[in-house]
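Please keep the structure open while reading.

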Amino acid sequence: MGVKTRTPLIAGNWKMNLDHLQAVAFVQKLHWTLKDAKHEDGSVEVAVFPPFTDIRSVQTLIDADKIPFALGAQDLSAHDSGAYTGEVSGAFLAKLDAKYVIIGHSERREYHSESDEVVAAKTKAALKHGLSPVICVGETAEDLEKFGASAVPVGQLEVALQGLPKDADIVVAYEPVWAIGSGQAATPQQAQDVCATLRTVVAKVLGDDAAARTRILYGGSVKAANIASFMREPDVDGALVGGASLVVDEFAAIIRFEKHVGV
Ligand SMILES: O=C[C@H](O)COP(=O)(O)O
């Protein structure tokens, strides 16, 4: 197994938490915490995904204080502009220096009935506006029981990747739905098995070069206590963190996973 050459990505999905004032205070404290720990900027890419109402404020802070965090959005419209009440265009997110956008999170698939086809359309919209889509896939507990761990995520990813250019700059996030918010993470071995299978899907649809460069994250009850066990796996390139990303010291410890023994 070769040495991993992909830059690890630790992404904090805040979901519907922290208003724009709380967001500024949080990002400032996270930055200071990492600096105090003499964290080497660049060894791990850090991205924060605030609610839409916070993005401009966070972008202004990151820009003014040259904070080395990437900015992401938690969703986007499949449309560029027009009569789509409540939706947010990828063009507007790009103007706010967003680098990433989460697409197809299980909470949107469930609460907003987002189909694989909608996820595919949003993926194309993200790339059109120069955003890297973080394509979320994952099985429910029922899927796991009926089809095993990989079948549903593989099917979801195959649809999302259809029609993309082979040089598409994407990120994939494997998030078993039953592990989200449950405190019961998948085992590192399951994460590795599914992430390796998802990498073969990227290879099949976009080619070997895309498979080699695409970062595949694990998400679902990631904590400081378990991040190192996931990052030791050859096909796990980072984490999409929910609850733990809202606690500065916990998220900073996740970012600094390389300091844990044996990574
Ligand atoms: O986007 C993040 C995932 O939903 C994981 O959330 P969690 O870390 O709270 O389980």
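What pLDDT does the protein average, and what share of the residues score at least 70? The average is 96, and 98% of the residues score at least 70; pLDDT is the predictor's confidence in each residue, from 0 to 100. The model scores ipTM 0.99 and pTM 0.97. This is a predicted model, in which local features need pLDDT of at least 70 and side-chain atom pairs count only at pLDDT 80 or more, while totals for chains, interfaces and linings use all residues. Residues are numbered from 1 along each chain as its sequence is written, and side-chain values use heavy atoms, with hydrogens and water left out.

Begin with strand β6, residues 171–174. Helices (H or I, at least four residues) and strands (E, at least two) are DSSP runs, numbered from the N terminus. Val171 and Ala173 point one way from β6, Val172 and Tyr174 point the other way, and all are buried. Buried means under 20% relative accessible area, exposed over 50%, and partly exposed in between (1.4 Å probe, protein chains only). In a regular strand the side chains alternate between the two faces of the sheet.

β6 pairs with strand β5 (residues 132–137), to which four bridges join it in parallel. Two strands pair if DSSP finds at least two bridges between them. β6 also pairs with strand β7 (residues 215–218), again parallel and over four bridges. Valine 172 stands opposite isoleucine 135 of β5, and its bridge partner in β7 is isoleucine 216.

Turn now to histidine 39, in the loop between α1 (20–36) and β2 (45–49). Histidine 39 is buried, with a relative accessible area of 10%. Leaving aside residues up to four places away in sequence, histidine 39 touches Leu34, Val44, Ile255 and Arg256, where contact means heavy atoms within 4.5 Å.
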